[in-house]
Structure formats: structure tokens, C-alpha cells
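I opened this entry to keep track of what I looked up. My notes follow in the order I took them.

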Amino acid sequence: MSGMRKSLKFATALAGGVLAGTTMAHASGFQLKEQGAGSQGLSFAGATAKANDLSTLFFNPAGMSRLEGTQAELNLSYVKPSAEFTPTSVSGGGFNPVSASDGDGGDAGQGAVVPSIYGMYQINDRTRVGLSINTPFGLETDYEDGWVGRYHALKSELKTVAVSPMVSYQATNALSVGFGPVIQYAEGTLTKAVNFAGLVGAGPDGESKVDADDIGYGVQAGLLYEFNEDSRIGLSYRSQVKHKLEGDISVTNVPGALAGNSAFSNETGSMNLTTPDVVSIGAYHAFNDQWAIMSDVAWTNWSTFNELRIIGDNSGTVRTLVREEWEDTFFVSLGAEYKPTENWTLQTGIAYDQSPVKDQYRTFRIPDSDRVWLSAGVGYELDENLSFNVGYTHIFAEDASVTQAQGSGAEGTVTGDYDADVNIVAVNFSYKF
């Protein structure tokens, strides 16, 4: 197991290392849809049915049946979110009260590159095999030291890398199937300040940090049905992956009066995290050689995320407990393509993306809200073997309110509003050998 973990850690670094910015940066929750520049300009409309490039390995592996020969594809998406907090009410903090003058934390959004890599080999007329390396989930929020909500959150980071070998088989002239395992590595880091002066009346802030990782397993499967060359529908399922993240819990600057308190000891610990099932259905229809429309509907089983609970191994103490109570969501998109010439393709798309977060459970670590995507893209085939796509998306996130209350009596109760949006630029290069 340790050897596989090291290999997937290396794959994470090779695939791009640091993943997307804040949870405002991608699909709802901490899901990342940025897995193919060829669909970015469509707001991922038709991604489950279009099947005209190797990103179909992620969105619907049955779509490989529409591709020929041996191919490889590299996608890079630069995600630049903005998430700015304005405090409206602050109280509590024990002997060291928090104050709105402590600061708003700055822009918690962190720009980053999200990569994905694909390869495919055609065995015969009906059978293809492929391999994808993706970052299907991830988030990062990072606030300035000393901000008003520092006792609730400073840095929150989740990185994943999924390695997925897939096979597709064309069962009939109209129906294709695809399936394969998903091997997923997850690594999380959580930090926050500790108000020791608020507890015992003296001393500087400490910092609590949790670093943990795990490998989990899942499956993916898909169907593609072609009514004719111009019309098709696709259905895809990606299973949940259960993780038990294990690692280190550390606390700095613990005053002598609390040195024996297990709530502030350094020890190993763990937390459970389940990345959700995703079911999507898509449709594609070409009116002629120039115009095509497409759509997608995806359901995500976010109700798997009920709480954030971190438990110390030695003490058995619950070091962190935050209710999440997330709800299942839908992502609905519609897009259109226009080919002014044989080599050029123009795209546009719109999507509505539900948030899984209930207002009363929204946190500083994941200040998620409903959002609308607007996208545009362009593709160009340099020759019969080499092509590229560029896609752009602007995400309008609804204003979101957050109230986090003190737990031990020293965190303070902080209420405020978030103003957020996201810009995404994606590019890919595809080569047929």
C-alpha cells in the first residue's frame, strides 16, 4: 500500500501538483469539471454524448468507440477564483475577544492549474482501451493570518489524483459500452489559529494543523447510443470513493496550563471522506455539417458529506467536528457549436450549477453557493493528426452569507457575506499517432 501511495503522490506532482483554487473555482462542492478544453467552451454541455476527443474517457468511456487509432491528449486549465468576505457581526472569543478590525482575510481565492492526461489504443474495430489521469476533486481556501475568522479556518486544501484504465466495446452498430476501475489518491491539509489567550487569559495564538492522505477505489461505466451519425445520447456513472485519511495532527505554542490537555496534543489522527457518485446523461445533435447543439444533466450524490470529524488516534478525542449536512445537486448545461470552415470550430455554452450547501451550514472553509456558467471556445485542426482547443468560462456565484459560532468558547461567532466569481481558461493538445 505504501508503494502505491508513493506512486500516486508522484503522479499528483507529475500531473500538476497544486490543484484548483477555492471551492468557488469549479463545480459545486469540491468537484472539478475542468477535465477537457474541448468541452470547456460549451460549459460541458454534451460532454457525456459528444465523444469527439479523449476527454470522453472521463465523461463517458463508452465514447471511445467513436475514436480511431492510437491517440494522446493533454489538458491544462487555469482557474482564477475571487472570494472576498465582509464581516457584518462579530462577538465572543473568551478572554481575548475577536473584533471586526482583525481583518476580512483578503481574497481567499488561489489561482492554480488543473491538469488531465489521456491515452487510447484501438485493439480492433469494436474494442478500445484507454488510460486517464485526472484531478476529479479539489479545493483550496487560504486566508490571511490574523483575520477575524482565523479561529475557524486559515487554510483548507484537498488534492486528488485518479488513475483510471478503461475499456470500450461496440456491442452493436448503435450501442457502445465502457467501464473500468478508478484508483484515487486523496490528500488534505487543514489549518486554523488557536485562541489560547481566550482560554487561559494569556499567551500568543497557536496553530492547529492536520495533514492526512489515503488511497480509495471506485468504478466508472457508460453507455453511448447512436441513432445515426448526427444524433446520439450518452449515460455515465462514476461511483463514490471512500477514504479514511490518516496523518498527523500538530498544535504550536501550547501554554503550560494546557500542556496536558489531549485537545491540544500532537498525535496521529484520521477523518473519513467520501467523494460522491456522479450520474450524467447527455445528448448531441448535428443539424448539418456546420451547426450542432448539445446538452448535459448531471446528478451528484453530495449527501454523502454529512460532517467533518477528525479523531486523534492516541487520545480518542474528537479534535474537530463540523456539521456539513450537504444535499444532492444537479448541473444542467446547454451548448452549441459552429464550424465556419472544415478546420475551425466555435463554441458557446451556459450552465446552472446547484450548491450542495445549506445556508445554515455554510462554513469559511467551503463558502459554496449556486452559480451560473457562461462559456466560449475555439478549436483548430492543424492537420489530420494534431489539433488544439481553447475554452473560457466566467462563473457568476450568488452572494453567500456565513455564520460560524464559537465551539470551545474562544473561537468567537463571526457573521458576514461573500462576494465571489471565477475565471477559467483551458487549453488542450491532441495527437493521433
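Before looking at single residues I noted the cut-off: a residue counts as buried when its relative accessible area is under 20%, as exposed when over 50%, and as partly exposed in between. The model is predicted, and I kept that in mind throughout.

**Entry 1: Ala193**

I looked up Ala193 and found it in strand S6, which covers residues 175–194. Its relative accessibility is 8%, so Ala193 counts as buried. Which residues does Ala193 touch, not counting those up to four places away in sequence? I listed Arg150, Tyr151 and Leu154, and also Asp205, Gly206 and Glu207. I also took the C-alpha separation from Ala193 to Ser91: it is 17 Å, for two residues 102 apart along the chain.

**Entry 2: the whole chain**

I then stepped back to the protein as a whole. It has four helices and 20 strands. I checked the radius of gyration, which is 23 Å; a compact globule of 433 residues would have one near 22 Å, so the value agrees. The C-alpha trace spans about 75 × 45 × 30 Å along its principal axes.

I noted that 54% of the 433 residues count as buried.

For charge, I recorded 27 positive and 50 negative side chains. The centres of the two sets lie 6 Å apart.

**Entry 3: confidence**

How confident is the prediction, and what share of the residues scores at least 70? The average pLDDT is 91, and 94% of the residues reach at least 70. Over residues 12–25 the pLDDT is below 50, yet this stretch has 62 contacts in the model beyond near neighbours in sequence. Where pLDDT is low, the predicted coordinates should not be read in detail. I therefore left the details of those contacts alone.

Most residues other than glycine have a negative phi. I looked up two residues that depart from this.

Ser43 is not a glycine, but its phi is positive, at about 55 degrees. I placed Ser43 in the loop between helix H2 (37–40) and helix H3 (56–59). Ser43 has 0% relative accessibility and so counts as buried.

Ala51 is not a glycine either, and has a positive phi of about 50 degrees. Ala51 also sits in the loop between H2 and H3. At 6% relative accessibility, Ala51 counts as buried.

**Entry 4: Glu327**

I went on to Glu327, in the loop that runs between strand S14 (318–323) and strand S15 (329–338). Is Glu327 buried or partly exposed? Its relative accessibility is 41%, so I put it down as partly exposed. Setting aside neighbours within four places in sequence, I found Glu327 in contact with Trp302, Ser303, Pro356 and Lys358.

**Entry 5: Thr141**

Thr141 belongs to strand S4, residues 138–142. With 1% relative accessibility, Thr141 counts as buried. I checked Thr141 against Asn261, 120 residues apart in sequence, and their C-alpha atoms are 29 Å apart in space.

**Entry 6: Gly94**

Where is Gly94 found? I located it in the loop between strand S1 (71–91) and strand S2 (112–122). Gly94 has 45% relative accessibility, so it counts as partly exposed. Not counting residues up to four places away in sequence, Gly94 touches Gly198, Gly409 and Ala410. I also looked up Gly94 and Val200, which are 106 residues apart in sequence and 8.8 Å apart in space, C-alpha to C-alpha.

Technical notes. Residues are numbered from 1 along each chain as its sequence is written. This is a predicted model: local features need pLDDT of at least 70, side-chain atom pairs count only at pLDDT 80 or more; totals for chains, interfaces and linings use all residues. Side-chain values use heavy atoms; hydrogens and water are left out. Helices (H or I, at least four residues) and strands (E, at least two) are DSSP runs, numbered from the N terminus. The radius of gyration is taken over C-alpha atoms; the globule rule is 2.2 Å times the number of residues to the power 0.38. Buried means under 20% relative accessible area, exposed over 50%, partly exposed in between (1.4 Å probe, protein chains only). Lys and Arg count as positive and Asp and Glu as negative; His and the chain ends are not counted. The place of a charge is taken as NZ of Lys, CZ of Arg, CG of Asp or CD of Glu. pLDDT is the predictor's confidence in each residue, from 0 to 100. Contact means heavy atoms within 4.5 Å.
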